[in-house]
Amino acid sequence: PVLGLVVRRDEEIENFVPRDYFTLHALIPYQDQNSSFDIRARWKPSEACKPWQDEEGRVLNRKLVENVASRIANQPATVTKSEQKQTKQAAPLPYSLSALQIDAAKRFGMSAQDVLNVCQSLYEKNKLITYPRSDSRYLPMEHFGQAASVTDAIGNNAKELAQAVQGADLSRKSKAWNDSKVDAHHAIIPTPKKASVNGLSGNEMKIYQQIARQYLMQFYPPAVFAEAKLIFDIAGGTFVASGKQLIDPGWKILMGKDKAEKEEGVDTVPPLPEGTVLTCREGEIKDRKTEPPKHFTEATLLQAMTGISRFVEDKELKKILRETDGLGTEATRAGILDTLFKRQLLTRQGKSILSSPAGRGLIHALPNESTYPDMTANWEHQLQGMAERNQ
């Protein structure tokens, strides 16, 4: 089924025919004491435009968009709805093995097998992390009392995180501490052991820091965003402007500057009361093309294997699968991928994972049910039921 995922994705990309579609934004000049800028409000086509849209609501007819653009130029733009709210984003939970493999693939380009090998060494040889083949992202309450000695060890073992350790508020209890969510193993976290500084290889240090940083985030406040949304009526059409700004980085401070700033770049939306009337200067049309799905990478293939219900055909089975039901287990996913590469059924091209001619031949020669995740997912679900004594 894992090979099937890649083969079908590759063929979908090869057979993809791009279509032109068009977006329209109303540009509405706005000025306050400090600045002047254009509010960019995206056109929301009405029901009457359905025949000219694709199944995802994209407008395929340029004439229609040009017509709307000419109708709204220099027309009053009335705020019909105004929403301002603050939203909080809690820190991500500590790592399970898959979550760590996904992040390490994105951040360092490491393969799942490499990450598992490094974790085994950090666990067995260096005794610096807890049991690594865990599928849990939660921690038992009794561990909360060890926070001081764990953070102390982090400060000693990873000097780069010394400041992060100082900023941690050890009285703060994130939702990670939850006995009911911990089965045989808890999330992967650093141990209270202090190491000799030069004892770790480059990759060991990277993975140790990654695990340690994720643990420290549990003692940082949530990130706070200001979200604003304005809905305008312009010449009878509906236009939506939405913006999101980071007010307080909270745990995101541990992600480093570039990461926090990357998430910005969102349009600015002033808090205008309903009934405010501005003037739309013009409509901005952009020609776009639909894009094929992207090739799988190590990170996205692991994500697909952990949340497999998205790729299951059978609607009934989809319903019973949980978010966590996956192909393989924490301990075997790296091995599954490794086997497919060793047998040359999958190949790497840069970061992309592609199917080889042999891999495609195998999938095309097999009956469908053995190349889709449905059957495996069903077995997995039944085994889970036995483990929980529901069967």
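## A buried methionine in a loop

Met 110 is buried, because its relative accessible area is 6%, and a value under 20% is what counts as buried. The model in which this is seen is a predicted one. Met 110 sits in the loop between helix H3 (97-108) and helix H4 (112-124).

Leaving out residues up to four places away in sequence, Met 110 touches Ala 104, Ala 105, Val 115, Val 118, Asn 203, Ile 207 and Glu 298.

## Glu 298 and helix H9

Glu 298 is itself buried, with a relative accessible area of 8%, and it belongs to helix H9, which covers residues 298-306. The buried residues are Glu 298, Ala 299, Leu 301, Leu 302, Ala 304, Met 305 and Thr 306.

Glu 298 also forms a salt bridge with Arg 348, in which the closest N and O atoms are 2.6 Å apart. This pair links distant parts of the chain, since Arg 348 is in strand E9 and Glu 298 is in helix H9, 50 residues apart. Whereas Glu 298 is buried, Arg 348 is partly exposed, with a relative accessible area of 45%.

Strand E9, which holds Arg 348, is part of an open sheet of 3 strands in the order E8-E10-E9, with antiparallel pairing. The edge strands are E8 (296-297) and E9 (346-349), and each of them pairs on one side only. Strand E10 (residues 352-355) pairs with E8 in the antiparallel sense over 2 bridges, and Ile 353 in E10 is the bridge partner of Phe 296. Strands of a sheet pair through backbone hydrogen bonds, either parallel or antiparallel.

## Other salt bridges

The count of salt bridges in the model comes to 18. Among them is the one between the side chains of Lys 289 and Asp 20, at 2.6 Å from N to O. It links distant parts of the chain, with Lys 289 in strand E7 (residues 282-289) and Asp 20 in strand E1 (residues 20-31), 269 residues apart. Lys 289 counts as exposed at 52% relative accessibility, while Asp 20 counts as partly exposed at 40%.

Another salt bridge joins the side chains of Lys 81 and Glu 83, at 3.4 Å from N to O. Lys 81 is partly exposed, with a relative accessible area of 39%, and Glu 83 also counts as partly exposed, at 29%.

Thr 371 lies in the loop between helix H12 (357-365) and helix H13 (374-387), and it is buried, with a relative accessible area of 1%. Apart from neighbours within four places in sequence, Thr 371 is in contact with Pro 1, Gly 4, Arg 8, Ile 363 and Leu 366. Glu 56, by contrast, is exposed, with a relative accessible area of 60%, and is found in the loop between strand E2 (36-44) and helix H2 (62-72).

On the surface, Met 375, Trp 379, Leu 383 and Met 386 form a nonpolar patch with about 430 Å² of accessible area together. Of these residues, Leu 383 is found in helix H13.

Terms used: Residues numbered from 1 in each chain as written. Predicted model: local features only at pLDDT ≥ 70, side-chain atom pairs only at ≥ 80, totals over all residues. Heavy atoms only, no water. Helix = DSSP H or I, 4+ residues; strand = E, 2+ residues; numbered from the N terminus. Buried < 20%, exposed > 50% of the residue type's maximum accessible area, 1.4 Å probe, protein only. Contact = heavy atoms within 4.5 Å. Pairing = 2+ DSSP bridges. Patch = residues over 30% accessible without salt bridge, like charges linked within 9 Å, V, L, I, M, F, W, Y side chains within 5 Å. Areas by Shrake-Rupley, 256 points an atom, 1.4 Å probe, with all protein chains shown as cover. Salt bridge = Lys/Arg side-chain N within 4 Å of Asp/Glu carboxyl O.
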